[in-house]
Amino acid sequence: MSDSTTTQAQQRKTIFVAGLGMVGIAFIEKLMNLDEAMHYRIVTCGEEMHLAYNRVALTDYFQHRSVEKLYLNQADWYAKQDPERFMFYTGEQVTSLDPATHTVRTSKDRAIKYDYCVIATGSVSTLPPYIPPDRGAKVQGVFVYRNISDLDSILAYADKEGIKGGKAVVIGGGLLGLEAAKAVYDLETISKVAIVNRQGYPLSRQLDKEGGEIVLRRIENMGVEVLTNITVKDITAAEDGTFTGLEMSDGRHVEAHMVIYAIGITPRDDLGRAAGLKCQEKGGIVVDDLLKTSAEDVYAIGECASWRGNTYGLIAPGVEMADILSFNFTQTETSIGGFKPRVMNAPDLSTKLKLMGVDVASFGDYFADKSLDRQRTKKSTATMEIAAPSTSAPLSWNQTSANKPRPVWEIKEDRAGAAPKGAVITTEAETTADEKEKPKTGHAKRKQEALEGPIECLTYRDPFSFVYKKYIFSADGKYLLGGMMVGDTSDYVKLVALVKKKKLIEVPPSQFILGVEKKGEDEGADLDDDTQICSCHNVLKGTIAQCIKGGVETIGDLKAKTKVGTGCGGCMPLVTNIFKAEMKKAGHALNNNLCPHFAMSRQELFTVVKFRRLKTFTEIMESAGVNKNSIGCEICKPTIGSILSSLYNEHVMNPVHHANQDTNDRYMANIQRNGTFSVIPRVAAGEITPDKLIVLGQVAKKYGLYTKITGGQRIDLFGAKKQDLPDIWEELIAAGFESGHAYGKALRTVKSCVGTTWCRYGIGDSVGLAIELEERYKGLRSPHKIKGGVSGCVRECAEAQSKDFGLIATDKGWNIFLAGNGGSTPRHATLFATDVPPSKVIRTIDRFLMYYIRTADKLMRTARWVEQFEGGIERLKKILLDDELGICAELDKEMDELVGTYYDEWAAVVKDPNRRKQFRQFVNTDEARPQMEMIKERNQARPANWPKTFPPAKLHVSSIRTPKSEWKWREVAAVEDLTPTQAGTTSAAVKYGDSQLAIFHIPKRGYYATQQMCPHKRAFVLDHGIVGDDPNGNVYISCPLHKRNYKLDDGECLNDDDYSIIAFDVKEENDKLHLLLPEPDDLDAVIGTSKWMVRKATAEVIERGGGDALEIAEVRDGADIGVSAGSACTGGSCGGVKSMDW
């Protein structure tokens, strides 16, 4: 052991745990799991010879007779523990506690010093007053049902001669009584079993009369005798002390061979009483909300503890106490911020068990209809007669009613009072008789009144299948308060969650029993053929089907043929589903190939790149591409760029990667519709100093930028010219800012409320955690953008449930929500893990993000990924929480390695003169040219409006006045201006007169040139686009705004016949680039910036009807440039407006 390790071990504080039962071991495990800083050493003693075992499963012991099968942790788990962190002793009882000296002593006279003591001594089974301890020891055949020793005694006695084949009686019809009855019922040595219950039906603490009678009937059908509404006065015994029977309260004598008492428990508080700790008169060591006893540094948990006068005999409250105490020891101060200590609240007493072969559950306030504050009520009853379903199986809320689509119930007044035949659903509307409804103001007050006010009960009773359900709702039907189930408990988990969260119900209460039709992915099957699917281009559903029948086999071909999805893109999820459904109908095989260049999905390509350790696009194309000589396309290039960044995180402007980037990543800024860019520095969690705010204002004012605060708690600076970006970032970096990666398919922001930093309601340090998360994942590239949110309490001010990952502080830790997003198809995030300790939060999100990066399809948000993931969120829980695939350690390692490669991309650029040069607007002049007219609005400059739709525009070489034969070679740039490389394509823009031209270099293919303007939106941006090729070998440039693809050799548009551009010949000579061009004036007359630049008047003229189908006509005999027929523009001006002169 090293010196540092020895010192750390010596500095650890000792926590002594008295008791090695279910609650004791739960606390030990939780503390060891949470104590990642290793602040504590744990010592424990258990009086039984066995290791901690599952008392809830005692009945199973009668079947396998192996205590090892009940162990909560096998012996090797204990052997693997570091004795410097955990030491345990079995068969050794704690006999005394001295709070003054912080010492305990054991039955083996061992003295153990502690810093903190946790008492978890549990309880003992209660015997009635007529069986005092001395009598209980003398009479043979009297047992309790509490531990392994009790069960061994029952088994041995039942096997004795004279007892074998006899009758056993269980006293008590509660949970433990039915457990004991089932155990002896299954014994071959016992022929008859009886249950004595002082109530009229079993499980009276969990069920009402109707539910209890269902259970009673089921038990009696098993051949078990149940004596109800009766008590035992005494036991009888033979002269030799053998138990012979029971004296009953009605005077009867019930003969039996053995009796098992299951009538309750008594807290074991003797250790605390002897030490002077405050205890309840009826039993239990008194603890406060932090589970502290009256003695310093001594705590009590489990059945031995009395909190606010209550002791709890269920395991769940004990485990809850273990959770709270281990959390407070380890999580209130962590490396990712502080957290309020957890306090004990009224525990959830929901239970779900299988008793006597019957599934039984109760949850929430399951006796809300019987509570005292609601006794003074008027009750109105309505019955809903249900036609017999086609199946005898009870209907669950996630099952479809067999009666649909016709109405399944009708309300009838039950005047005669006779019960309807068959299954009956009853609603009991209860309203206060002598109080008027108070005025309601505010959502919180309305919710509170709903939860505490009048109620309604919805019940389902099926005596034929032994099924009973009763759900209790607020009177308005918006909140589920509690309920009980017999026979069918399949919805238990869902309903408990609704009650715990006090969540607003979004479906009619009847659906909880009748069910609702399950809807799958919307394939548009119920839509008529004339339904408009794409409103931007008026594409009908029938058009899609016809295209597929006509031979269209890919979404890309469908887009090219119909323009569907090429506008706003909001229709694409439905388009994709309709496409898949129609393809299936037509008998076509679907594939999920990335694009024509790669016959595999993104997930498969990611795996190939990772395991073959491929690091460049060229290597990947040669290794996995369909054609190793292809240059890729606007689909596969950014996808591969993202994969490489997710694996190696090399700078996106490195020559081998730059050509793969879409425009935003290429210039590390979001391109806007006028060809300028936005600048968005990182403001982690929205926390920013006044000095930094001032710098942002100064930069915006200096460069004339439009400013806006975003929903992600950052400040956007819009309108930055490409050539100004390095200078802007240099000033921001000097002030302490770094890249916000708003341009990348990467982590954008982690939004937060102020949490415990300022808010009086704050529970968790939401700002600190949000900053930690944003700092960890900044720069992380992924299939699509990622957003996070952290709310410091359940008021949810950070809107975490609409994020890809969101955290909400509860009094128990952090609830983690995953796969939410806004956008055109919003999705509420799904609750993934509850009450996660602060120290465990980051690892959970690490795994989710890394697995998403590995397996999602291209441009797929986490929401769609989870929706399409086989097995959905539940499968992800098994993979990422339970490590079912055994990959969690690998995911953890990969994330650690990836976040460790972070660097500020913009800081690297501003320090590199060669990279800064790539941001010039034109490589042949420092002159700048505006791309669109700017207008003033609300005291800020913004680009003029686009028309709702631009008219088509086709430009040709023949449109130019001078014949091509008279054009001349003109030097426009140096070769070095394009920084050509064999690693990938490069491009640059040049200015020629008033015209803008784009030049492209493609390895092994040479140079190409076109006009800079894309006519689709009149945007001067083509040099920013991705160069690709199609399966036919056509090389094209893809416009970065809306992906119109223009061939570089002749300018024809490959995916939209309404547009074309002019291409020019290029030659290299003496390290200079020359283009074959007409005179500047002749070219300006066709593609000059002034002719095409969108101005304020543009939208007005086009929307008035001008320029329906603009096409620059071929010029002959010196005629003026005109437009094709159908246009409202003629001559040299458009619509009489000189500013619209084309």
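Me: At what angle do helix H22 and helix H23 pack, and how far apart are their axes?

Reply: Two packed helices are described by the angle between their axes and the distance between the axes. In this predicted model, helix H22 (residues 690-703) and helix H23 (residues 725-734) pack at an angle of about 160°, with axes 10 Å apart. Axes are lines fitted to C-alpha atoms, for helices over the stretch in contact, and angles run from 0 to 180 degrees between N-to-C directions. Helices (H or I, at least four residues) and strands (E, at least two) are DSSP runs, numbered from the N terminus.

Me: Which source conventions apply here?

Reply: Residues are numbered from 1 along each chain as its sequence is written, and side-chain values use heavy atoms, with hydrogens and water left out. The model being predicted, local features need pLDDT of at least 70 and side-chain atom pairs count only at pLDDT 80 or more, while totals for chains, interfaces and linings use all residues.

Me: Which residues of H22 and H23 meet?

Reply: Contact means heavy atoms within 4.5 Å. From H22, Val695, Leu696, Val699, Lys702 and Tyr703 meet Asp727, Ile728, Glu731 and Leu732 of H23. By class, this contact has six nonpolar, no polar and three charged residues. Ala, Val, Leu, Ile, Met, Phe, Trp, Tyr, Cys and Pro count as nonpolar, Asp, Glu, Lys and Arg as charged, and the others, Gly among them, as polar.

Me: What is the relative orientation of H15 and H16?

Reply: Angles under 35 degrees count as roughly parallel, over 145 as roughly antiparallel, 65 to 115 as roughly perpendicular and the rest as oblique. Helix H15 (residues 555-562) and helix H16 (residues 572-585) pack at about 115°, with axes 11 Å apart. H15 and H16 are therefore roughly perpendicular to each other, whereas H22 and H23 are roughly antiparallel.

Me: Which residues of H15 and H16 meet?

Reply: Ile555, Leu558 and Lys559 in H15 meet Met572, Val575, Thr576 and Phe579 in H16. This contact has five nonpolar, one polar and one charged residues.

Me: Is Arg864 buried or exposed?

Reply: Buried means under 20% relative accessible area, exposed over 50%, partly exposed in between (1.4 Å probe, protein chains only). Arg864 has 19% relative accessibility and so counts as buried. Arg864 lies in helix H26 (residues 862-868) and touches Asn821, Thr825 and Arg827, not counting residues up to four places away in sequence.

Me: How many helices and strands does the chain have?

Reply: The chain has 33 helices and 58 strands. Of its 1142 residues, 53% are buried.
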